[in-house]
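Dear colleague,

Please read them alongside the coordinates.

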Amino acid sequence: NPDEMRILLFTSGTTGNAKGVCLSQRNLCSNLLSTYGIVKVKRSDLFFSILPLHHTYECTLGFLLPIYSGASICHCEGLRYIVKNIQEYHPSVILCVPLLLENLHKNIIKNINKGLPKKYQKENNENPYKDLPIFLKKIVKAKVKNTLGGRLRVFIVGAASCKPDIISDFRDLKLNTLQGYGLTECSPLVAGNTDFFQKDDSVGLPIPNVEY
């Protein structure tokens, strides 16, 4: 019976008490199919798994979605090994929370400034990229991409709000950042920026077959 309870997932209860959420086969599959329709996942993709699988965000989007799409998954060995693992595995998709994205962004901007001639460097760790001449932009983009394993094309970010300027900065570096919103009771995705619609200060549009 696709409507019987098939999985019990823990939620930390951001807006209420912590609880176990009962989900059915139909809950998970409908969310999976709706997501697959709006975000391109290729068979050649390699997802980098950092978040715990007992949360629906990672379970549905970081585990079931790549398996359904014929993609592969590599697993992080621990938070201190994130950068090392990215360089070892060469992932193309990373699911993350804003804090991880902010830390990566901070390190990337710091390293960009450090590697530039003095006249192009910005103070207070500001992003110098937009003011660079075209030939330098190409070099910087290639270096950043190599730092992140060479194949990375998209960050999927959720669980909290992400700063719009971080999303914009990553897009300038040809790294797509798709922000979404979900909750465990909805298996989890409710809304998201997609391959067809992106707005930096928004969690996007409702996914197919979802109303709010």
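**Cavities and pocket**

The largest cavity has a volume of about 40 Å³, where a cavity is a set of points on a 1 Å grid over the protein atoms alone at which a 1.4 Å probe fits but cannot get out, and a volume is the space filled by probe spheres set on the points, which are joined across faces, edges and corners. This is a predicted model, in which local features need pLDDT of at least 70 and side-chain atom pairs count only at pLDDT 80 or more, while totals for chains, interfaces and linings use all residues. Residues are numbered from 1 along each chain as its sequence is written, and side-chain values use heavy atoms, with hydrogens and water left out.

The lining of the largest cavity (residues with an atom within 4 Å of a point) consists of I167, R171, T177, Q179, N193, Q198, K199 and D200, with α6 (164-172) and β7 (176-182) each supplying at least two of its residues.

The second largest cavity holds about 30 Å³ of space and is lined by F47, F48, S49, E58, G62, V93, I94 and L95.

The largest pocket, with a volume of about 880 Å³, is an open set with protein on both sides within 12 Å along at least five of seven lines. Its lining comprises 39 residues, of which Y57, A159, G182, L183 and T184 are the closest to its centre.

Best regards
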